[in-house]
Amino acid sequence: MARTKEFDPDAVLQKAMELFWERGYEATSMADLVEHLGIARASIYATFGGKHDLYLKALERYLQNRDPDIVELLSQPGPALPAVRALVNAYAEQSATDPHRRGCMVVNTAVELVGRDPQAARRVEASWDTVETALISALTRARAGGELPADKDPRALARFLLVLLQGMRVLGRAHPDPVRLRDAAEQALAALD
């Protein structure tokens, strides 16, 4: 007879995501996970697989919580440029005021693992593709609606903004200077005029 789990796997995955997001993959040991999650090592392996499997599941959880919000913001009916501006300003503000200085789990994963972990790299690329596609769509709508000058290239602008947003997350984690982040946001938004 199979034993009933004495923990909620969804709640444990959430806690694992928060720990990995704060510390990163390498700096989080199995002992750290056992202590933080409050379950036995054998339960972690039986439920989630090894540390790497758990990390990828935690990253997926992060993406499920983050990417749909960005897509929803950028695909609202009506003028598109205010949503793009709101996204850029939100990234600057969040990066400057994150009390935990965790940054973005996608960016953290890219910096730490992408060069040597193809599974993590695929998830990072998929997230960046999602954000870039949502930006391209919003900027294309903005150009079609006369909000964005006709000579502006939505794809190039979307890529520029994606790189800016990810860079803001790096600065927010390393040295969250609000003036630097807000100045960068203002300059990026000026490129939309």
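## Aromatic pairs

The structure holds 4 aromatic pairs. One of them joins Phe 20 and Tyr 25, whose rings are stacked, with 6.4 Å from centre to centre and 25° between the planes. These values come from a predicted model. Phe 20 and Tyr 25 are both buried.

A further pair is formed by Tyr 25 and Tyr 55. Here the arrangement is edge-to-face: the centres lie 5.3 Å apart and the planes make an angle of 75°. Which parts of the chain does this pair link? Tyr 25 belongs to the loop between helix 1 (9-23) and helix 2 (30-37), whereas Tyr 55 belongs to helix 4 (residues 51-74). Taken together, Phe 20, Tyr 25 and Tyr 55 make up one aromatic cluster.

## Charged side chains over rings

Tyr 25 also has a charged neighbour. Lys 51 lies over the face of the Tyr 25 ring, at 4.3 Å from its centre.

Another such arrangement involves Arg 169 and Tyr 91. The charged end of Arg 169 is placed over the ring of Tyr 91, at 4.0 Å from the ring centre.

## Helix 4 and helix 7

How are helix 4 and helix 7 oriented towards each other, parallel or antiparallel? Their axes come within 10 Å and cross at roughly 0°. Angles under 35 degrees count as roughly parallel, and helix 4 and helix 7 are therefore roughly parallel to each other.

Residues from both helices make the contact. On the side of helix 4 they include His 52, Leu 56, Leu 59, Glu 60 and Leu 63. On the side of helix 7 they include Gln 119, Ala 120, Arg 123, Ser 127 and Thr 130.

Ser 95 is part of helix 5 (residues 81-97). Why does Ser 95 count as buried? The relative accessibility of Ser 95 is 3%, and buried means under 20%; Ser 95 therefore counts as buried.

Apart from neighbours within four places in sequence, Ser 95 is in contact with Met 168, Arg 169, Gly 172, Pro 176 and Leu 181. Arg 169, one of these contacts of Ser 95, is also the residue whose charged end sits over the ring of Tyr 91.

Technical notes. Residues numbered from 1 in each chain as written. Predicted model: local features only at pLDDT ≥ 70, side-chain atom pairs only at ≥ 80, totals over all residues. Heavy atoms only, no water. Phe/Tyr/Trp six-rings, centres within 6.5 Å; stacked < 30°, edge-to-face > 60°. Buried < 20%, exposed > 50% of the residue type's maximum accessible area, 1.4 Å probe, protein only. Helix = DSSP H or I, 4+ residues; strand = E, 2+ residues; numbered from the N terminus. Lys NZ or Arg CZ within 6 Å of the ring centre and 35° of its normal. Axes fitted to C-alpha atoms, helices over the stretch in contact; angles between N-to-C directions. Parallel < 35°, antiparallel > 145°, perpendicular 65-115°, else oblique. Contact = heavy atoms within 4.5 Å.
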